[in-house]
Amino acid sequence: MWHPAHSPVSARITHVTTLATALAAEPRTIRAGAYQRISFDKAGDGHGVANQLADQVRTAEARGQEIVLTESDNDISALTGKHRPGYERIMAAAARGEIDVILVYQTSRFWRNRRERAEGIEILRRAGVSLIATKGPSLDMSSAYGRMMCGLLGEFDTAESEIKSERQQLANREAAMAGKARKATPRPFGWRPDRIARDPAEAAAVADACRALLAGGTLAGIAREWDRRGLRPHQAPFGPLPRRAWKSVSVTEILRNPRVAGISMYKGAEVGRGEWETIVPEETWRAVVRLLADPSRGSTAGVRTMLGGVALCRCGNHISASVSQRGEPVYRCNRETQRGRPGPHVAARRADVDEAIGGLVVARLSMADAADLMAPAAKADTAALRDEAMGIRDRLGRLGSLFALGQIEEADMIGGRQKGNVRLAEIEAGLADLGRESVLAPLVGAKNVKAAWEVLGDDRRRAVVDALMTVTLNPAGRGARVFDALKVISVEWKEV
Ligand SMILES: [Zn+2]
């Protein structure tokens, strides 16, 4: 390894080709590596590869250099840490001593961040390779001055990028707090391309899905319904729709988005009320989110009957759907969860029990006071709760700024944040409770409750039954031939 301390001056001149020696018209041709970067960034080079190379060829000719290596990279942005094979090849060539100078468009944009720059300067220093810019200064990397200039110029560039990025983040946060619709993201499902006005078909689908879910519907059922309506998921932006275009997970993602309830988000936090048209009221949305987060949902996902997993055997165990020895669908005390409870345990024909329970539900919801089951008194609170929540979110958003400005102490900020979050959690739970009422909405609001009940699927019927009553089934007794509803079914109405 060559080291300046042990080498004669002549050796140093032949081994280290510096910018100074290049300008001093050395007899040997100076070997140049030309590097171009295409940037799609608007504030970037603004300069195609061909133009950059043409500039570099002119520069090389003017300086008596020969371009022996040309490399380029396709770079999306100076801030992304993407792999740059062209850059790596030209740096490797420099390290191996195959080139004497590197021609670039701008020295400050050759490296994308501090770390890359520090490493690059070190490689070029050791190899004695200079950096020559067609636009900007040329830097002799073998001199401390050249390296310092390179480092400083690069620092300015990094600082500029960082300040730009900080400003952008601040602007994004303020826009989110003011409830501005974000335009840079893909069009959200449910809105027109302006991201403000509702898309009639999609918004209706989202609202119907929330209602269906709260009324006991399943995600798979919603996905099938959206397929039936010919709605288009983001995963299939154009072309013929696949047969089962909608998956439960895509439906979930859409329903969980706070935008649906007009809530503006920034980095995962609710920060304001959106300027766009909302699809469902906040309480409905919160109830949907809570339902989707409920881990017990998973256990009933496979239940396809009206009372399976909901009604109880007289022994206190849950009943499940089964088939009798004669091949008839029955409800039976679930043997797997009986755990030695004393019998006798129930086994009853599903058709009989479902019909009787359906009659009870229809009768109850046809009564004059059925609307009271919806707890209308609570409705008035909804708006007040929503306003209070918005106020708290707004104040929480400003706490950080007040602390940063030195207007409040850190302890006050932390304490305030905790109190605010506790109250927010209470309000959100309250709103979700109010939203849950809509399990009964399609029936209570119906002119003909019986007809409305008959079109409901078993999963939605199950949710209605669960909201209204606790059903216990008793064994019919040995030899019972005729179904005796009064004997088999006991109902305890729930306080609503
Ligand atoms: Zn039992």
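Some ground rules: residues are numbered from 1 along each chain as its sequence is written. Because the model is predicted, local features need pLDDT of at least 70, side-chain atom pairs count only at pLDDT 80 or more, and totals for chains, interfaces and linings use all residues.

Let's start with the whole protein. It has 18 helices and 12 strands; these are DSSP runs, H or I of at least four residues for helices and E of at least two for strands, numbered from the N terminus. Of its 496 residues, 31% count as buried. Buried means 20 or more other C-beta atoms within 10 Å of the residue's own, exposed means 12 or fewer, and partly exposed is in between, with C-beta atoms placed from the backbone.

Now to helix H12, residues 350–366. Its end C-alpha atoms are 24 Å apart, which agrees with the 24 Å that 17 residues should span at 1.5 Å a residue (the expected span is 1.5 Å times one less than the number of residues). Which residues of H12 are buried? They are Arg350, Val353, Ile357, Val361 and Leu365. They cover an arc of only 85° around the axis, so they sit on the same side of H12; the arc is that of the directions from the helix axis to the C-beta atoms. On the other side, Ala351 and Ala363 are exposed.

Finally, the strands, which pair if DSSP finds at least two bridges between them. S11 (residues 469–473) runs parallel to S7 (residues 312–313), joined by two bridges, and leucine 312 has threonine 472 as its partner. S11 also runs antiparallel to S12 (residues 489–493), with five bridges; there, methionine 469 stands opposite tryptophan 493.
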